[in-house]
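Subject: A structure for you to look at

Hi there,

I am passing a structure on to you, with some notes on what turned up in it. Could you open it and read along?

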Amino acid sequence: MNRRDPALAVAVAWTVLAAALLFTFHTDSEAQVSIFWAFQPPLDLLFAVWSWRVSRMATGATRRFWRVLTVSGTLFTIGDTTQFVLSLGQRDRWSTTGGDVQSTLFAVGLGLIVVAMLIHPHAGRSGRDRIAFWLDSATVLVGGMVVAWCFAINPEDMRTNPVGALAGAAVVLTSAFAAVKMMLSGNAPMHRNAALPMIFAAIVNAVGVFAAPNAEESLPAYVYVIRFLPSLLIAVGPRIQEITARFDETAFGARRRKPYSLLPYGSIFVVFVAMILVLPEDRDDARLWGAVGGLGVIVAMVVARQLLAFHDNKRLIEKLDSTLTELREHQVRLRRQALFDDLTGLANRTHFREEVSAALEHAEPGTVSLLLVDLDGFKAVNDTLGHAAGDALLAGVADKLRSAVRAGDLPARLGGDEFAVLLRDCDHLDAERTAQRILQALTVPIPVDGTAVRASASIGVACAESDDDIRSLLHAADTAMYAAKHDGKGTWMRYDHSMSS
C-alpha cells in the first residue's frame, strides 16, 4: 500500500536525485555542500505537513504529540533553508555541520520531540510500572551519553564549534530516546510501521556522526548521503501513519507491552565496548573516566531495577499464594456442595452410594451393614409448624445421627425425611445396637422455634451378604424399614429373606 503512494514515491525520487548529484560532484566539496543543504528543506517541509495532517486525525495526547512534531518539522525547515542560503554565500564551508542558526533550530526541534516523548502518557500503568519504565529509559540514555562523550563529541569541535558538537551528541541521545519510547511504551503515539523508519532515521543519524569524524578538507560522497538519508526517513514516518490511520482503527491505540526489557543490559554491553575502545589510549583521558562513570551509573540503575523487580515478584508470589488459597477454599466448597447435603451437612445420596459401593467391593462378606431411617409423622410437623420448622427438625435429627454412630460410620440424607447410615466393619449385632442407639437418641425432644418436638423414626437394618451389591442391600434395608413401620413405627427391624416372600 505505501509503496504505491505517489507522495512517498516523489520523496524517494528526490532523495535518489540528491544522492546522484552528491556522487556526481564528489570532487567539488563546495558543490556538495550546496546540494546537501538545498535538498534538505523540501523533505523537512514534508515532515511538517504530514505530521500536521496526522495530528488532525488523532485525539488527546496523541494529537499533542503530532502537533509537536509539526512544530519540530517547521523548525528544521527554517534552519536548513537558512543554512542553504548561508552555504551559497560562504563558499569555504564544505561541512554538513550547520551554523549557529541551523544548529540551534535543529537542537530545539530535537528537544521538542524528546519532551513530547517524555510527557506522552503511559496507558494503564501503576506507579511502580512508571518507575520501572523510567529506570529502563534512564539506563539507555546514560549509555547514549557515554557513547556521545567517548566518540561523538570531538574535543577540537568543542573548542571551534561547540553548538555543532553538542548537536551531534544530541543526535545520539535522541536516538536512544526514540528507541526506548517505541520499544518500552505500551501506548506509543504511532503505529509500528510508522515508528520503524523514524527509529531507523535516528540510528542512521548516529552513524552519520561517526562517519569520517576527523575529515579536515572534504567529506566522501557516501558520508553526505548517510547524513542526508535521515531527512527522508523521518518524513516517511508521518506519511505511513496517515495512510495506516485511514484503514486501521487501532493505528493510535494502546498495545500490550512486554513485562520485561533487555535494553538496560544492552546499555551495559555498549558502555563496556566503549570503555574497551578508549582504554588503549591515555589512561587519564576524560573519555575513559566518562565511560567508567557512566558504567557505574548504569549498574546502579540496573540494580535498582532488579530490586524493584524482586519486590514485584514477591508481591506476585504473595498474590498467587492468596489466589491459590482462595481456589483451594472454593474447591472445598464445591466438593462439599457436590458430596454433602446443604441443610444437614450429611453425605448426600450420590456420595453415600459411592461409599457403599466402595465398601462392598473391598470389605469381607458380613462386615458391611446398612441402616435406612425414615421419620414417622414428619408431614404433620411441616403442616402444623411450617417448612422452616421441618428443616430445623431435619437438622436436629442429623445431629443425633452423628452422635449415635461410630467414628468410621457414614450417616447420610437421601432426600426428604429419609436418612441412611453406612456401617463399616459391623456385623448384624453391632448394626442392631446402632439402630437402638439412634432410636434412644431420638427420644430426646428437639427444640424447634421454641417448641420441643420429639422425632420418631422407623429403621430398617440390612447386613451385606457375599452376593449383595448396593441395589440389593438398599432394597433389603428398605424392605426391613417398611416392616418396622408396619409393626407399629418407632422401632427397628433387621432384614431376613422371609420378608421378600
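Pro197 sits in helix H9, which spans residues 192–210. Please keep in mind that this is a predicted model. The relative accessible area of Pro197 is 13%, so this residue counts as buried, the cut-off being under 20%. What does Pro197 touch, leaving aside residues up to four places away in sequence? The contacts are Leu233, Val236, Gly237 and Ile240. Pro238 belongs in this picture too: its C-alpha is 9.6 Å from that of Pro197, while 41 residues separate the two in sequence.

Next, the sheet. In what order do its five strands run? The order is S2-S3-S1-S6-S7, in an open sheet with mixed pairing. Strand S2 (410–415) and S7 form the edges, each pairing on one side only. On average, neighbouring strands here are turned by 20° against each other, direction ignored.

Two helices lie across the strands. Helix H13 (residues 349–362) lies across S1, S2 and S3, and runs at about 25° to S3. H16 lies across S1, S3, S6 and S7, and its angle to S6 is about 170°.

Finally, a word on backbone angles. Most residues other than glycine have a negative phi. Against that background, have a look at Asp425, which is not a glycine but has a positive phi of about 50°. Where is Asp425 placed? It lies in the loop between strand S3 (418–423) and helix H16 (428–442). Asp425 has a relative accessible area of 63%, and it is classed as exposed because the cut-off for that is over 50%.

Lys489 also deserves a look: this residue is not a glycine either, and its phi is positive, at about 65°. Lys489 is found in the loop that connects helix H17 (470–486) with strand S7 (492–494), and S7 is one of the edge strands of the sheet described above. With a relative accessibility of 48%, Lys489 counts as partly exposed.

I would be glad to hear your thoughts once you have had a look.

Best wishes

Conventions
Residues numbered from 1 in each chain as written. Predicted model: local features only at pLDDT ≥ 70, side-chain atom pairs only at ≥ 80, totals over all residues. Heavy atoms only, no water. Helix = DSSP H or I, 4+ residues; strand = E, 2+ residues; numbered from the N terminus. Buried < 20%, exposed > 50% of the residue type's maximum accessible area, 1.4 Å probe, protein only. Contact = heavy atoms within 4.5 Å. Pairing = 2+ DSSP bridges. Axes fitted to C-alpha atoms, helices over the stretch in contact; angles between N-to-C directions.
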